[in-house]
Amino acid sequence: MVTLFVASFPLAPLFALLNNVIEIRLDAKKFVSEYRRPIAAKAKDIGIWYTLLRGLSKVAVIVNAFVISFTSDFIPRLVYQYVYSPDGTLHGYVNHSLSYFNVTDFQPNTDPVEPMFLGYKVEVCRFKDYRDSPWSDTPYELSREFWNILAARLAFVIVFQNMVMLMSDFVDWLIPDIPKDISLQMHKEKNLVVELFMKEEQGKRQMSKRKSNPSPQSRSRTPLNIQINNH
């Protein structure tokens, strides 16, 4: 569960690692000095837990991509810097991210109680959103900048997910689950087992052939033995 929201709290994996190290040592002490030694059982892998952990890691990548994209100003800043900024910097980004609101458009009983609180009458205020201005043809509707930033956010999610998955597959290919020397040893043992099985099958076939087809010497000896017994 820690990996699902690592973008929100980057120190969480470090604390989880420390917790796992301490827990492993405590469990080792319990198994050595306090618990009865468990009966060893042979297992090929961790079973269904491998599929669950692999699925959880993929979900964590998607969740972190959405967290980075939709809960921070990382994407809006990039869009402003490379699309809307006149000089390619973030100068003017705050003004670009604020929309206009005409105070005369307040609904009844929602306007400020003291309109002269600042010493002068406020006619227009600003709020953080991407909306059309009140004097446009579509006042307070989602602006073109909003849809451009939304498209950039979704594109970032797709690119981030595929990049992380590609790196994960590369690391998985680079570091195999079974070391090469152990894999070769297992392959040799498998070949030896196959050879022993083939030799055993060949021996059984030869024995069955001998029983079904006796040799000529044994056939010739049988009448001779009968004659000797008759004499």
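A salt bridge here is a side-chain nitrogen of Lys or Arg within 4 Å of a carboxyl oxygen of Asp or Glu. The model you have open is predicted, so local features need pLDDT of at least 70 and side-chain atom pairs count only at pLDDT 80 or more, while totals for chains, interfaces and linings use all residues. Residues are numbered from 1 along each chain as its sequence is written, and side-chain values use heavy atoms, leaving out hydrogens and water.

Start by selecting D129 and R131: their side chains form a salt bridge, 3.0 Å from N to O. With a relative accessible area of 22%, D129 is partly exposed (buried is under 20%, exposed over 50%, partly exposed in between, with a 1.4 Å probe and protein chains only). R131 is partly exposed too, at 33%.

Next, pick D169 and R54, whose side chains meet in a salt bridge at 3.9 Å, N to O. D169 lies in helix α5 and R54 in helix α2 (residues 48-70), so this pair ties together parts that are 115 residues apart in sequence. Helices are DSSP runs of H or I, at least four residues, numbered from the N terminus.

Then try E34 with K29, another salt bridge, its closest N and O atoms 3.8 Å apart. E34 counts as exposed, at 52% relative accessibility. The salt bridges come to 3 by this rule.

For the last stop, show helix α3 (residues 74-84) and helix α5 (residues 144-174): their axes come within 10 Å and cross at roughly 115° (axes are lines fitted to C-alpha atoms over the stretch in contact, and angles run from 0 to 180 degrees between N-to-C directions).

Conventions
Helices (H or I, at least four residues) and strands (E, at least two) are DSSP runs, numbered from the N terminus.
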